[in-house]
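This briefing summarises the fold, the ligand surroundings and selected residues of one protein model. Please read it alongside the sequence and structure shown here.

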Amino acid sequence: MAKPFPEPHPFPSPPATTSSRWKVTTIHERCIGCQACLARCPEAALRLDGQTISRDHERCSLCLDCVEICPVMAHEALVRG
Ligand code: SF4
Ligand code: SF4
């Protein structure tokens with residue numbers, strides 16, 4: 001089980017009324033394959049396919065836990081265009 005993150009959550013939760021405007025993406029070039037995000041994701045929305053993390057956006061609840069735990073900041077929360 002992943003250890004609790006020691007600091008307060010550094011990212012604001014997306015407002016419920018605008019949550020459809022947010023998504024979390026992965027910068028694959030940064031990923032070192034530690035799998036910490038897979039273990040942390042409460043929705044089992046992440047998979048490691050070979051060397052690439054993939055995200056099921058239908059399952060993703062935008063909790064940002066993967067953004068928080070990744071040691072190389074490979075996940076980013078983005079506002080959809
Ligand atoms: S936590 Fe970051 S470095 Fe580790 S597998 Fe996930 S995306 Fe890759
Ligand atoms: S934002 Fe939360 S639910 Fe979505 S992939 Fe990351 S850890 Fe999983």
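Of the 81 residues in the protein, buried residues make up 16%. The model is predicted, and the protein averages a pLDDT of 84, with 74% of the residues scoring at least 70. The protein has 2 helices and 4 strands, which follow the pattern β-α-β-β-α-β along the sequence.

**Fold and confidence**

- Among contacts in the protein with a separation of 6 or more, 69% are accounted for by residues 24 or more positions apart.
- Confidence is highest in helix H1 (residues 36-40), at a mean of 98, and lowest in strand E4 (residues 75-79), at a mean of 92.

**Surroundings of the ligands**

- Ligand 1 is surrounded by 14 residues, and the closest are Cys-31, Cys-34, Cys-37, Cys-70 and Ala-74.
- The shell around ligand 1 comprises 10 nonpolar and 4 polar residues, with no charged residues.
- Ligand 2 is surrounded by 15 residues, and the closest are Cys-41, Cys-60, Cys-63, Asp-65 and Cys-66.
- The shell around ligand 2 comprises 10 nonpolar residues, 1 polar residue and 4 charged residues.

**Nonpolar core**

- The largest nonpolar core has 11 residues in all: Val-24, Cys-37, Cys-41, Ala-45, Leu-46, Ile-53, Leu-64, Cys-66, Val-67, Cys-70 and Ala-74.
- In soluble globular proteins, nonpolar side chains tend to be buried together.
- Among the core members, Cys-37, Cys-70 and Ala-74 also belong to the closest residues around ligand 1.
- Likewise, Cys-41 and Cys-66 are part of the core and belong to the closest residues around ligand 2.
- Leu-46, a core residue, touches Cys-37, Leu-38, Cys-41, Ile-53, Arg-55 and Cys-66, when residues up to four places away in sequence are not counted.

- Ala-74 is placed in the loop between helix H2 (65-69) and E4.
- Ala-74 counts as buried because 20 other C-beta atoms lie within 10 Å, and 20 or more is the requirement for that class.
- Leaving out residues up to four places away in sequence, Ala-74 touches Thr-26, Ile-27, Arg-30 and Cys-31.
- Ala-74 and Glu-29 are 45 residues apart along the chain, and their C-alpha atoms are separated by 7.9 Å.

- Strand E2 (46-49) runs antiparallel to strand E3 (residues 52-55), and 4 bridges join the two.
- The bridge partner of Leu-46 in E3 is Arg-55, and that of Arg-47 is Ser-54.
- The hairpin has 2 residues between the strands, and Gly-50 takes a positive phi near 65°.

**Thr-25 in strand E1**

- Thr-25 lies in strand E1 and counts as partly exposed because it has 14 C-beta neighbours inside 10 Å.
- Setting aside its neighbours within four places in sequence, Thr-25 is in contact with Glu-76 and Leu-78.
- Thr-25 and Ser-54 are 29 residues apart in sequence, with a C-alpha to C-alpha distance of 8.9 Å.

**Loop residues and positive phi values**

- Most residues other than glycine have a negative phi.
- Gln-35 is exposed because 12 other C-beta atoms lie within 10 Å, and the exposed class covers 12 or fewer.
- Ala-44 is also not a glycine, yet it has a positive phi of about 50°.
- The position of Ala-44 is in the loop between H1 and strand E2, and the residue is exposed because 9 other C-beta atoms lie within 10 Å.
- Ile-32 is found in the loop between strand E1 (22-26) and H1.
- Ile-32 is exposed, with 11 other C-beta atoms within 10 Å.
- Ile-32 and Thr-52 are 20 residues apart in sequence, and their C-alpha atoms are 9.6 Å apart in space.

Key
Residues are numbered from 1 along each chain as its sequence is written. Chains are lettered from A and ligands numbered from 1 in the order in which they are written. This is a predicted model: local features need pLDDT of at least 70, side-chain atom pairs count only at pLDDT 80 or more; totals for chains, interfaces and linings use all residues. A residue is near a molecule or strand if its C-beta atom, placed from the backbone, lies within 6 Å of it. Ala, Val, Leu, Ile, Met, Phe, Trp, Tyr, Cys and Pro count as nonpolar, Asp, Glu, Lys and Arg as charged, and the others, Gly among them, as polar. Two residues are in contact if their C-beta atoms, placed from the backbone, lie within 7 Å. pLDDT is the predictor's confidence in each residue, from 0 to 100. A nonpolar core is a set of buried Ala, Val, Leu, Ile, Met, Phe, Trp, Tyr and Cys residues joined through C-beta atoms within 7 Å. Two strands pair if DSSP finds at least two bridges between them.
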